Amino acid sequence: MRRLHSTSVICVTHSPVIGFIGTGHIATFHSKMLKISGVNLVRGGCYDIDVARSEAFAKASGSTVMSSEQEVINSSDAVYICTWTSEHQRLADMCIAAGKPFFCEKPLSVDFTHALTMNAQASASGLTHQCGLILRRSPAYLWARELITDPKAGAVMSVVFRDDQFIPIQGHYKSTWRGDVEKAGAGTLLEHSIHDVDMLRFLIGEVESVSARATYKHGIEGIEDCVAASVQFANGAVGTLTTIWHDNLSRPSLRHVEVFCEHRTVIIAADDWFGPVTWSDTDGATGSLEGTELTERTAPLAMKDANPDGAFVRCVVDGEAAFPAFDIALEAHRIVEAMYRSARNSGNSVDVKSVTE
Ligand SMILES: NC(=O)c1ccc[n+]([C@@H]2O[C@H](COP(=O)([O-])OP(=O)(O)OC[C@H]3O[C@@H](n4cnc5c(N)ncnc54)[C@H](O)[C@@H]3O)[C@@H](O)[C@H]2O)c1
């Protein structure tokens, strides 16, 4: 789990009542980020089908264990949906029916079709809603984007994006649902690297077409453990995404991103939140930014608040649209689906715009 940072402490004066449905790893992360933002969870409720989990969450966060999803929704001003993926849509529907703002984890759903419906319903509801694509506020990616879009860099030519982690059905995750296609939808690309696909759009631009191959070395039905995709961007750039779920538990989850512009190379290595982000230019200029310096420099670039949870709660309090909303997640789902269609069709190129249902 990502280390917490406290560079964006805010004080939400009229703290809304926040409820949690699903109280595992990511719910714990959000509860800590909310605490950093000054949001007190003591008035909120939580529910998990695994009672031991909700009790542990309540003890750690100050929240109160409730007996049903509906009880959490009824008693909250805003709801975090942190269950495994297949439950997201039903719970988002319940929040919409109750008129309650919601934060829903990524991926939105187990497939593109359901994500399409979720986005349409969330947009139509007019309710404040946010998805869990938290890298949209990562200092490392925010700074890399500044460097790439700087006119001095010239046009972006290529990106090499690599993401590897041990398959999370083992190790400290011990996540059995990630090995169940009914609950997770698919493997490393949808479940984990939807973040990476979103970052490809964020850093480089719209994706026009993709060609991809997938492997299933672990032999789990529907759960691919490696996808290698070649990407054509609308602005003429080309790139690759390789995402792997391996068995090397001694290795932390790592992303490594290299972007080649006409006159600048930008690299995000080691820690894709706190950097370092390094760059070198045709004229010999080089630079590197990390840690506090990086977070301070990029804080004004984050929408509303550098803390994703602080940003969500601020929007709930102000009754405003939150960012990233489901429409951003839907576009990542569309590209992911194009990659799966290509992989099922021997790596043939798939036009992303052709993915409409
Ligand atoms: N944004 C991110 O960086 C990020 C990181 C990790 C996980 N996630 C996403 O968050 C979601 C949860 O992942 P996790 O790692 O926390 O998994 P987890 O297994 O740690 O927690 C999921 C919890 O949901 C509970 N649950 C399932 N159905 C439920 C229901 N109907 N009502 C109440 N509780 C229910 C389970 O009992 C479990 O405790 C997944 O969709 C995952 O993809 C996002």
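**View 1. The two domains of the predicted model.** The protein is divided into domain 1 (18–134 + 318–324) and domain 2 (136–303 + 332–344), with bounds that come from an automatic or database domain assignment. The centres of domain 1 and domain 2, taken over C-alpha atoms, are separated by 25 Å. Where the domains meet, 18 residues of domain 1 are in contact with 21 residues of domain 2, contact meaning heavy atoms within 4.5 Å. This is a predicted model, in which local features need pLDDT of at least 70 and side-chain atom pairs count only at pLDDT 80 or more, while totals for chains, interfaces and linings use all residues. Residues are numbered from 1 along each chain as its sequence is written, and side-chain values use heavy atoms, with hydrogens and water left out.

**View 2. The shell of residues around the ligand.** The ligand is surrounded by 26 residues, and the closest are His25, Asp48, Glu105, Trp177 and Glu191; a residue is near a molecule or strand if one of its heavy atoms lies within 4 Å of it. Domain 1 and domain 2 each give at least three residues to this shell, and helix 1 (25–36) and helix 4 (88–98) each supply at least two. Helices are DSSP runs (H or I, at least four residues), as are strands (E, at least two), and both are numbered from the N terminus. Sorted by class, the shell holds 8 nonpolar, 8 polar and 10 charged residues, where Ala, Val, Leu, Ile, Met, Phe, Trp, Tyr, Cys and Pro count as nonpolar, Asp, Glu, Lys and Arg as charged, and the others, Gly among them, as polar.

**View 3. Polar atoms facing the ligand.** A nitrogen atom of the ligand lies 2.9 Å from a polar side-chain atom of Glu87. An oxygen atom of the ligand is 2.9 Å from an N or O atom in the side chain of Arg178, and for the side chain of His195 the corresponding distance from an N or O atom to a ligand oxygen atom is 3.0 Å. Taken alone the ligand exposes 840 Å², of which the protein buries 93%; accessible areas come from the Shrake-Rupley method with a 1.4 Å probe, and for residues only the protein chains shown count as cover.

View 4. Asp196 is found in helix 9 (residues 194–203) and counts as buried because its relative accessibility is 0%; buried means under 20% relative accessible area, exposed over 50%, and partly exposed in between (1.4 Å probe, protein chains only). The side chain of Asp196 makes a polar contact with the side chain of Ser193 (2.6 Å) and another with the side chain of Arg255 (2.6 Å). A polar contact is a pair of N or O atoms within 3.5 Å; within protein, one must be able to donate a hydrogen and the other to accept it, and residues adjacent in sequence count only if both atoms are side-chain atoms. Leaving aside neighbours within four places in sequence, Asp196 is in contact with Phe161, Asp163, Leu241 and Arg255.

**View 5. Two serines, Ser138 and Ser75****.** Ser138 lies in the loop between strand 6 (129–131) and helix 6 (139–149), and is buried, with a relative accessible area of 0%. Beyond its neighbours within four places in sequence, Ser138 is in contact with Asp272 and Trp273. Ser75, in helix 3 (residues 69–75), counts as partly exposed at 32% relative accessibility. A polar atom of the Ser75 side chain lies 3.1 Å from the backbone oxygen of Val72.
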